[in-house]
Structures are given as structure tokens and as C-alpha cells.
Amino acid sequence: MSDQHSHDRHNNTAADIRPNRLDNYQDVFADLHPPLDKHEALVEADRCYFCYDAPCMTACPTHIDIPQFIRQIAGGNPQGAARTILSENILGGMCARVCPTETLCEEACVREAAEGKPVRIGLLQRHATDHLMESGVHPFTRAPVTGKSVAVVGAGPAGLACAHALAREGHTVTIFEARPKGGGLNEYGIASYKSVDNFAARELEFILKIGGITIETGKALGKDIQLDALRSGYDAVFLGLGLGGTNRLHIAGEDAENVLDAVRTIAELRQSSDLSRLNIGKNIVVIGGGMTAIDIAIQIKRLGAENVTLAYRRDREHMNASLYEQQLAQTEGVVIRDCLQPEEILLNDQGQAIAIRFAQTEQREGKLVATGATLTLAADQIYKAIGQKLDGQGLGASGMEMSGGRIKVDTENRTSVKGIWAGGDCVAGGQDLTVASVQDGKIAAQSIHQHLMQLPEAVSGFAEAVLAANRKDLPSLHPHAPSVHNHTTSSSAKDH
Ligand SMILES: Cc1cc2nc3c(=O)[nH]c(=O)nc-3n(C[C@H](O)[C@H](O)[C@H](O)COP(=O)(O)OP(=O)(O)OC[C@H]3O[C@@H](n4cnc5c(N)ncnc54)[C@H](O)[C@@H]3O)c2cc1C
Ligand code: SF4
């Protein structure tokens, strides 16, 4: 039986769910890692050995020159440090907040190996990028306009990184985004305590300052716009769709109203203007073992749930959440229980979930097997955090090659369909991290740029004029879209 909220409920017990569980909501999602002040940053920067062949740099998926930016901070030049960071990772501000540095750069830091105390690279990165963003300066200028146009679908980290890099080269980018706001999971998914003070929106605004990027929100591929139209209307297409679909548990009781999708709930609380109005259960069971499971568990606990248990089907070593994240959840009062495979959700007479029964598991010869024992936990709300999947609706009959339910791409992030690149969570083989999505967007942008520059050269000024003239021709696509323009017809997205 559970140590904390064992199941002794009856069919006529109502689930205990209500708003206003806290007396005071101020600082409920206070910054997890408050920023360093100037003195702290200088002291921390001084700890760096400025290693030759720095392992931290290799461990960073975007290969930021970490010793270089730390040296710039140490030399009193945080603006220069920010430029070093942003030239490799334009979302360096968000990555400084959300990267699991304990498994990336800081794990690789030689001071971690030597003394178990790495240079706090993430916080130094935040110090530099915050400094620059507060100054209101955008550190890059756009190359002369090329007349080439690119459609980016999805305004998440992958799409934004791709769009910024292309705009910087002088190409004109239109981002089509299904949601009302840009930012992707930075805006709708990242835990509130990692991204405070509306940072996702501020960073988006900062990125767009490069110029040449238009975001069309409320435009979903497969519904409001079609892939074929993008392919013929633009010189190249980048898909940064993320993973919009949710996995199912496939157990009885799963469709009860208080069995919830963790990602959807996080989006609601990220967008909530009044946290006290959110309905929070007393006893919570979160199912999953990754970052999303940790994030929902901590946020719901902070919103006043009394008992929060995170149940994972395998043993703790197999959890995707890092040891640091597991410890963080425990510090916040979340109980982590491993080796529990959900078997059935028990409902009351009104059809509400009131408990969940698990089969206890163990690993035998590499296989997960049920031991025969079961455990039932009382639950007023059950959150599923068991992974996302690609909602491939928009891909229609494009014939795009897939792998494991995600889009297959080559080393340049090209899909199997000519003229279409993809990156971020929607592609196969990725790490499902913000920083990895940025890198995908960057790689795709380099490849798209090379492709575009091999196309017949745009005549200066002429292309812009054609684009402007044709904007009115494609009302079904969006009010600013270029139609198929003659100078690129032979070089449309189909031709790469
Ligand atoms: C709850 C949660 C917490 C996370 N926390 C962290 C963390 O702390 N650190 C970390 O590194 N990573 C974290 N991640 C992972 C990280 O957020 C993702 O890896 C990253 O956001 C992926 O970027 P993306 O651009 O590929 O996709 P997304 O950020 O998902 O963006 C995709 C965008 O495409 C749009 N879109 C989708 N379909 C269509 C369509 N048909 N037409 C038009 N637009 C469309 C979506 O609305 C969205 O805006 C977390 C993920 C989740 C779910
Ligand atoms: S590994 Fe650590 S000490 Fe070496 S350059 Fe990177 S941050 Fe500095």
C-alpha cells in the first residue's frame, strides 16, 4: 500500500478537486535559479580554466564557444559574451534557463570531474544574454535582401532558430504558427519556474528584431494552409512542428474527466492570468519518468496539492529525468515511486477517477515483467506525462519518409521530399531538448541558404517588388504570402 495516500475510497467518494488551494499565490513560481549579480558572475567566471579543446563546448549541442564567452565576462564585456553565445544559439537566453546543463556542458566541465563542482555555465550564459537583451540591442544585422522566400511551419525553438538564421542571410521568412502566440513550448510548455517574467515572449520579440520575419499566428498546416501551396509559393519550406499528439495509456478509466494530459495542463497554467482559479486535486498521481512528469508534479505541488506521487514503470536509473531533476522534485515534496505499471483507473459512480491500480514490475534479463503484486493509489487527478507524438495531419499525401512516427531527415535536416527541411522534436533521432531543436533549425538554415544561393540570382529590388505585388494574389494562403513568382518558378522548393 502507498505510504502516503493509499486507496481506501468507495464508489460514492467524489474526487477532491478545487481552485484556491493556497492562501497566497505570490512567488508560487519563483525563479528556480535566480540570476547572478555582476560580482557573482565575475567570481564564477574566474573559476574557468579556459580549457583548450574545452569539453564543455563539445558537450553543448549548439557548440557555443564557452571558454570564450566566459573569458569575455571575466574581462568585463558581457555584451561581447552574449554575442559569442547568440552567434551559435539565438535562443541562448532560454537555453540558459532550461538546458539540463547537469547532463550537458556542466557535466563535461573539468571542474566537475576534478571537484564535483562545475563552472556554472548556464548561469553565466544567462548573465550575459540578459545583459544584452536588457540593453534593447540586437547584435546582428541582416544581409542585403536576396529576394528568396522561405516558409517555416511552427514558431517553436526549431522554427525560430531557422527563421532567424535565414533572415540574417537576407532571405524573407514567413512563419506559420497554429497557436495564437509564437514561441512553441517555450511559451506553452516550459515549467513556469524556469521561465519567469514572460521571458519567452520577450525573447521572441528580440529574435524578430533582425527583420525579414513575419509570423502568421492561427495558421495550421493541414487546415488553414497546405504543404503543396507552400512548396509552390516559397523557395524552401522548413517544418518545425514539434509533437502535438499525446500518447495513450490504453487502460480502463483513461477517459475520465480528471485524467489529464500533463502537457495540456502545463499550457493552461503557463497561460493563466489567475493561478488561484485553476482546479487542483488533493491527491495527485503523475505517470511518467521524464522532464514533463517532473515539471507537472512540481507545479501542481506548488499550486497546493497535498500529496503528489510520480509513478514510473521501470526503475529509477531508466528515468529520462536527470538525477538532478529527480532530486529537485523530491525537495519540492514529490514522492517518486518506480517499477509501477498502470493497470486500471478506478472510477466512482459519477465516472470520476478516484484511484489508480498499478502492477509492480521488475527487470528480468533486460525485460520488464510484472511481479504479480499490485499497488493502488488514491487519486483526485491523474496526469499523463508519457510522451508526445507527431500529429502528422499537415503532411497529408506528401509521401514524406518517416521513422518511428517522426520525420526522417538527413545530416543537413533535409526530408525525403525535395525542398522541405525539418527539425526539432518532429524529426526522428533527436534529443527532445530546446537546445537540440535550435541546432536543428540552424543546420537546416545553413543547408537552405546554400540551396537558395545556387538558385538563379535574384535581381536586386526586383524580387522585393514582385513579392510585394504578388502579396494580394494568395488570399487563401495568407495576406502577405508571395505567389509563385516567375524568377523563382524554376527554382521553387520542388527543385532542390
Ligand atoms: C512540458 C515540457 C517541458 C519541457 N521542458 C524542457 C526543459 O526544461 N528543457 C529543455 O531543454 N527542453 C524541455 N522540453 C522539450 C522542449 O520544449 C522541446 O524539445 C522543444 O520545444 C522542441 O522545439 P520544436 O520547435 O521542435 O517544437 P515546439 O516547441 O513544440 O514548437 C512547435 C510549434 O509548431 C506549432 N505547430 C504544430 N503543428 C502545427 C501545424 N500543423 N501548423 C502550424 N503550426 C504547428 C506548434 O503550435 C508549436 O508552436 C520540454 C517539453 C515539454 C513538453
Ligand atoms: S570545461 Fe569548465 S573549466 Fe574548462 S573551459 Fe569549460 S567551463 Fe571552463
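The notes below go through the core, the sheets, the ligand surroundings and a few single residues.

This is a predicted model, in which local features need pLDDT of at least 70 and side-chain atom pairs count only at pLDDT 80 or more, while totals for chains, interfaces and linings use all residues. Residues are numbered from 1 along each chain as its sequence is written, and chains are lettered from A and ligands numbered from 1 in the order in which they are written.

**The nonpolar core**

- The largest nonpolar core has 138 residues, where such a core is a set of buried Ala, Val, Leu, Ile, Met, Phe, Trp, Tyr and Cys residues joined through C-beta atoms within 7 Å.
- A residue is called buried if 20 or more other C-beta atoms lie within 10 Å of its own, exposed if 12 or fewer, and partly exposed in between, with the C-beta atoms placed from the backbone.
- Among the residues with the most contacts inside this core are Ile-66, Phe-238 and Ala-379.
- Leaving out residues up to four places away in sequence, Ala-379 touches Asn-283, Ile-284, Val-285, Ala-353, Ile-354, Ala-355 and Ile-356, where contact means that the two C-beta atoms, placed from the backbone, lie within 7 Å.
- In soluble globular proteins, nonpolar side chains tend to be buried together.

- Helices (H or I, at least four residues) and strands (E, at least two) are DSSP runs numbered from the N terminus, and two strands pair if DSSP finds at least two bridges between them.
- Strand E5 covers residues 236–239, with Ala-236 and Phe-238 pointing one way, Val-237 and Leu-239 pointing the other way, and all of them buried.
- In a regular strand the side chains alternate between the two faces of the sheet.
- Strand E2 (residues 149–153) pairs with E5 in the parallel sense over 4 bridges, and Val-150 has Ala-236 as its bridge partner in E5.
- E5 is also joined to strand E19 (residues 420–422) by 3 bridges, again in parallel, and Leu-239 has Ala-422 as its bridge partner in E19.

**An open sheet and a hairpin**

- An open sheet of 5 strands, with parallel pairing, has the order E7-E15-E9-E10-E11, and its edge strands, each pairing on one side only, are E7 (259–261) and E11 (335–337).
- From one strand to the next, the twist of this sheet averages 25 degrees, with axes taken as lines fitted to C-alpha atoms, for helices over the stretch in contact, and angles running from 0 to 180 degrees between N-to-C directions.
- Helix H14 (residues 291–302) packs on the sheet, where it touches E9 (283–287), E10 and E15 (381–384), and its direction makes about 175 degrees with that of E10.
- Strands E12 (residues 340–347) and E13 (residues 353–364) run antiparallel and are joined by 7 bridges, and they form a hairpin with 5 residues between them, in whose turn Gly-351 has a positive phi of about 85 degrees.

**Around the two ligands**

- Ligand 1 is surrounded by 39 residues, of which the closest are Gly-154, Gly-156, Gly-184, Gly-242 and Gly-424, a residue being counted as near if its C-beta atom, placed from the backbone, lies within 6 Å.
- The shell around ligand 1 divides into 19 nonpolar, 14 polar and 6 charged residues, where Ala, Val, Leu, Ile, Met, Phe, Trp, Tyr, Cys and Pro count as nonpolar, Asp, Glu, Lys and Arg as charged, and the others, Gly among them, as polar.
- Around ligand 2 there are 15 residues, and Cys-48, Cys-51, Ala-54, Cys-56 and Cys-109 come nearest.
- Helix H3 (66–74) is one of the elements that give two or more residues to the shell around ligand 2, and H3 gives the most, with 3 residues.
- By class, the shell around ligand 2 has 14 nonpolar, no polar and 1 charged residues.

- Why does Ile-266 count as buried? Ile-266 counts as buried because it has 23 C-beta neighbours inside 10 Å.
- Glu-365, in the loop between E13 and strand E14 (367–378), has a positive phi near 50 degrees although it is a residue other than glycine, and it is exposed because 5 other C-beta atoms lie within 10 Å.
- Asn-413, in the loop between strand E18 (406–407) and E19, also has a positive phi, near 65 degrees, but Asn-413 counts as buried because it has 27 C-beta neighbours inside 10 Å.
- Most residues other than glycine have a negative phi.
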